[in-house]
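Please consider the model shown below. The explanation after it is meant to be read alongside the sequence and the coordinates.

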Amino acid sequence: MGLWLVDRFGNPSGSHSVARAARQAIDEARDTIAEVLGTAPGDVVFTGSGTEAANLAVLGRTRSAPGPIVVSAIEHHAVLNAARAAARWCDVPIRVVGVGRDGTVDLDALGAALDRTVSLVSVQLVNNEVGTLQPLSDVARLVRRRAPGAVLHTDAVQAVAWYDVGQLGAGADMVSISAHKFGGPQGVGALAFRRSVTLEPLVYGGPQERARRAGTHNVAGIVGMAVALAAVTRDRAAFCTRTGRLRDRLVAGLLAGIPATYETAPGAPKAPGHCHLLIDGVESEALLVLLDAAGVAASAGSACASGAMEPSHVLLAMGSSPEVALGALRLTLGHDSTDADVDAALRVVPAAVAQLRAGRYSEPVEAR
Amino acid sequence: MKLWGGPSDSGCCSVADVEDARRVCQQLGIPHHVFNFTAEFEREVVGPYVAAHARATTPNPCIACNAHLKFDRFLQRARLLGFDAIVTGHHARVTWSGGVWQLRRGKDAAKDQSYVLYMLGQPELAQLRLPVGELTKQEVRRLAARIGLRTADKPDSQDVCFISKAGGRASFLAGRIPLGPGRLITATGDDLGPVDALELVTVGQRRGLGLTPHKRPERRYVVNVDLSNRTATLGALDDLMVRAVALRGLSWTERPLWPGSRVQAQLSAHGVPASGRWEGAGSSGAVVLDQRVRRVAAGQAVVLYAPDDAGDIVAGGGTAA
């Protein structure tokens, strides 16, 4: 990436040789991404993030062909909030499809929400909080049958690191990805199309990306994204096996070491890097402070603008009460995770939970 | 703490204010976490604030917040996490002497906030540090500027954190309870005209009633609010004056005062203390003042002080019955 930021810093839209070199770099990146995602190169639009890609899909389609929007209740806020904005902007309804306790889309409810007027359906491939894999080919089949006029978008941001999105997402018309979720840099994502979909752009200006997303390309970021995507594709099988083993040891160890703790959606197909638990009788807000102090990075729900925790909409949609949802703990494993990390977590987390459950009282401090 | 999730321009609770806190912590090398206590805040502070207006009593949201959030929920969380103490920026002092913790007025009399801390007892005082209480506000700002804190010049936060300056109390309450008109009357029943929102009228109020202003001694004050009859009774200042204030819900920083104890009673957040004596036992009683004072609206907090050269000591306090 450094090369494209320094020695060969050029604007791909220009016509001189430096520009042409930059242009070639992003063209090759585009080829790589198209191949991995199973689309044609002309059907990849580079964006500034996975969020922007999802926004382009949802808002772009609805503004171009207004009609009811159908989303799952556990979509990332990038999809949910874009859908809400599109609904307000274009004065169309949103139909939110529930999920089962296993964290996957309720196909019957989805079928009931689909009809010939629906313009856009958006269902993710892997849930970012719980890690559950959605039955996207069943979703696609239902959409073809019940809402033939609709475009199906899948947020594959969480899926790319673990699954062959080209294959699993084959039924979707639009696929959004985010580089930093698969080892690439922050600040770059892409929206890929499997068939021609007219979208109203979010960003207007020059003719880049076939007028679907204006603005000078983040050449270094795009190159980085493609390199990361190629690497993750090449190493995926081994990575999944190694990470899955670590995750399984972590889950088993925490379930054994902490009484009254439950794996969220046990038995559901899940991405190998996700460990998600519900811990009785503790507030994860407090738990995260203790874990942070002990060097274990974890999360629980989503943070609002001030940084305070909100109960997870995903858990609520799966049928958890708000109290139970406030005891959620998510630990994710990635490229750098090792057995030592799992050992550390198995030491720190049970001790932290025990401290909170004991309601340990600090003795009043005497005068100095 | 994230306490209020709605719009805020008081300088205390908005995302921008949280950012200020986060950045100052970064400068000082302190880990910064935000706890979501919005549900408790709604239940213990905002709900009662609204309900008090619907009953024509005076709420004390800042006192309710201290009692239920800062020195209850937050302090409990701190203890659970193994912390030794909590620290706030209240202008007040906590001292240790003769085997007890004392809560005293802050050094800067104009900024003293001991009044809103009256409900603290020994366990809370033992784990509370108030570093700015020994400084004047000016000294605090000078110190902040000297160490380069971005908040050194930030305006003082004002008023109730969940009431915006723009809309005020009226628009906040209008969204939650029905605000209805009433009649202003005299004690003898003469009608003095309408008032728009009777629920916003308080005992002791003189302004904002839409009356032609009078000069003393004819100034008129609200002496009673009757929501069932939809009237507010106006009278002369003399009609408002009382010799004693009945209190309930007393809490004591150390132990209850003996009946007959001399006290300085502060009857409002920024009021001048009135001298008198405490006649009561335990959690209820009355303050009998040396000179008459204006009646204290029901629900208003009254704090009892023992004068001391090292800073007047808060003996305890309660709410006007």
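The model is predicted. The C-alpha trace of chain B extends over about 65 × 45 × 35 Å along its principal axes. Of the 321 residues in chain B, 35% are buried. Where contacts in chain B link residues at least 6 apart in sequence, 59% of them join residues at least 24 apart.

Within chain B, four strands form an open sheet with mixed pairing, in the order E6-E5-E8-E7. Its edges are strand E6 (191–195) and strand E7 (221–226) of chain B, each of which pairs on one side only. On average, and with direction ignored, neighbouring strands of this sheet are turned by 25° against each other. E7(B) runs antiparallel to strand E8 (residues 231–235) of chain B, and five bridges join the two. In one of the pairs, B:Val225 has B:Ala232 in E8(B) as its bridge partner.

The contact between the chains draws 19 residues from chain A and 19 residues from chain B. On the side of chain A that touches chain B, helix H10 (284–293), strand E11 (309–310) and helix H13 (339–358) of chain A each contribute at least two residues. The largest share, four residues, is that of H10(A).

How values were computed. Residues numbered from 1 in each chain as written. Chains lettered and ligands numbered in written order. Predicted model: local features only at pLDDT ≥ 70, side-chain atom pairs only at ≥ 80, totals over all residues. Contact = placed C-beta atoms within 7 Å. Pairing = 2+ DSSP bridges. Axes fitted to C-alpha atoms, helices over the stretch in contact; angles between N-to-C directions. Buried ≥ 20, exposed ≤ 12 C-beta atoms within 10 Å, placed from the backbone.
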